[in-house]
Amino acid sequence: MLSPSPARQGPGPIPPDTLRRLGLTLRRRVAGRLPGGHPTRGTAADGTELSQLQPYVPGDDVRRIDPSASARTGEPHVRRLVPERAVTTWVVADVSPSMAFGTVGRLKSDVAEGVVDVVARLAVQHGGNVGLALGGARLLPPASGRVALAAVRGAIGAGVVADGNDGGGLGVALERVARLARMAGSVVVVSDFRDDDWAGPFRQIAARHSVVAVEVHDPLEAELPDAGLLVFSDPETGEVVELDTSDPGVRAALAQAEAERRAGVAAVLRRAGAQHVALGTGDDWLRELGRVLR
């Protein structure tokens, strides 16, 4: 069962103006049929999918003048747009206990909640569908419109699973989406990638879909302060470890292990062809996410 952490701060405001500047695009041609077997409802004026370039004639919308084509041909050309094809976006969000951690501003789960909200909003624009897999705890099948958006917000806002329960793990959620998402589309994975079972199913999904991997981290995971003798408890396994953080050698060994772990994660994502964005709990996560979703 999911439950909000007492330390939850929430993702913070998501200004509509910022959201309007973002968009989900398929980064690369994916396997199988083109995403969206049918165009969405709406008129050509509503669309963003380029159909063709034509010479400008009086009455055309000057905002659609294409600078490159105009420069190349020596006369103004405008873009003719059609409704984009309906794309199904799956969001896989990690709700394991390790996500309920954060020492700077927000918890990792707060950042993940904001990312899921933004991605879901972008996904349902222009008639697209969004589905959500929360670890192994819950799955919402793809749907469109405000009802789907409200369902996603309600599910991700329910929090993370209790300590001692990994919620089925990120790998389980990826396996479920790999089985269900048969038509090529877009998949966004939000996690700290601290599980051990996700790499195989992640590669399986990336072979068919355009994938964005959002890695959420906290600075204390990378570098411990000199705080003397501390007792750490793994929220997922319950394992307890006692460390003397006043020892520079201990701190250096932990920092090196974390750096190697994150480098390993980045290598898996890179080899799978995924777009990788890392968001810290102390960062302006929306601004950093916006560097990718344009």
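Analyst: Let us start with V187. Apart from neighbours within four places in sequence, V187 is in contact with W90, V92, I205, H209, S210, V211 and V212. Please bear in mind that the model is predicted.

User: In which element does V187 lie, and is V187 buried or exposed?

Analyst: V187 belongs to strand β8, which spans residues 186-191. Its relative accessibility is 0%, and buried means under 20%, so V187 counts as buried.

User: How far apart are V187 and T89 in sequence and in space?

Analyst: The two residues are separated by 98 positions in sequence, yet their C-alpha atoms are 5.5 Å apart in space. For the chain, consider contacts between residues at least 6 apart in sequence: 74% of these join residues at least 24 apart.

User: What does the chain contain in terms of helices and strands, and what share of its residues is buried?

Analyst: There are nine helices and twelve strands in the chain. Of its 294 residues, 42% are buried. The chain exposes about 14,700 Å², of which carbon and sulfur atoms supply 52%.

User: How does one describe two packed helices?

Analyst: The description rests on the angle between their axes and the distance between the axes. Here, helix α3 (residues 108-124) packs with helix α4 (residues 145-156) at an angle of about 170°, and the axes are 10 Å apart. Angles over 145 degrees count as roughly antiparallel, and α3 and α4 are therefore roughly antiparallel to each other.

User: Which residues of α3 and α4 meet?

Analyst: On the α3 side, the residues are E113, V116, D117, A120, R121 and V124. Their counterparts in α4 are G145, L149, V152, R153 and I156.

User: How is a pair of aromatic rings described, and how many aromatic pairs does the structure hold?

Analyst: One gives the distance of the centres and the angle of the planes. The structure holds two such pairs. F193 and W198 form an edge-to-face pair, with 4.8 Å centre to centre and 65° between the planes. W198 and F202 also form an edge-to-face pair, at 5.7 Å centre to centre and with 90° between the planes.

User: Are these aromatic residues buried or exposed, and what do the ring pairs link?

Analyst: F193 and W198 are both buried, and F202 is buried as well. The ring pairs link F193, W198 and F202 into a cluster.

Conventions:
Residues numbered from 1 in each chain as written. Predicted model: local features only at pLDDT ≥ 70, side-chain atom pairs only at ≥ 80, totals over all residues. Heavy atoms only, no water. Axes fitted to C-alpha atoms, helices over the stretch in contact; angles between N-to-C directions. Helix = DSSP H or I, 4+ residues; strand = E, 2+ residues; numbered from the N terminus. Parallel < 35°, antiparallel > 145°, perpendicular 65-115°, else oblique. Contact = heavy atoms within 4.5 Å. Phe/Tyr/Trp six-rings, centres within 6.5 Å; stacked < 30°, edge-to-face > 60°. Buried < 20%, exposed > 50% of the residue type's maximum accessible area, 1.4 Å probe, protein only. Areas by Shrake-Rupley, 256 points an atom, 1.4 Å probe, with all protein chains shown as cover.
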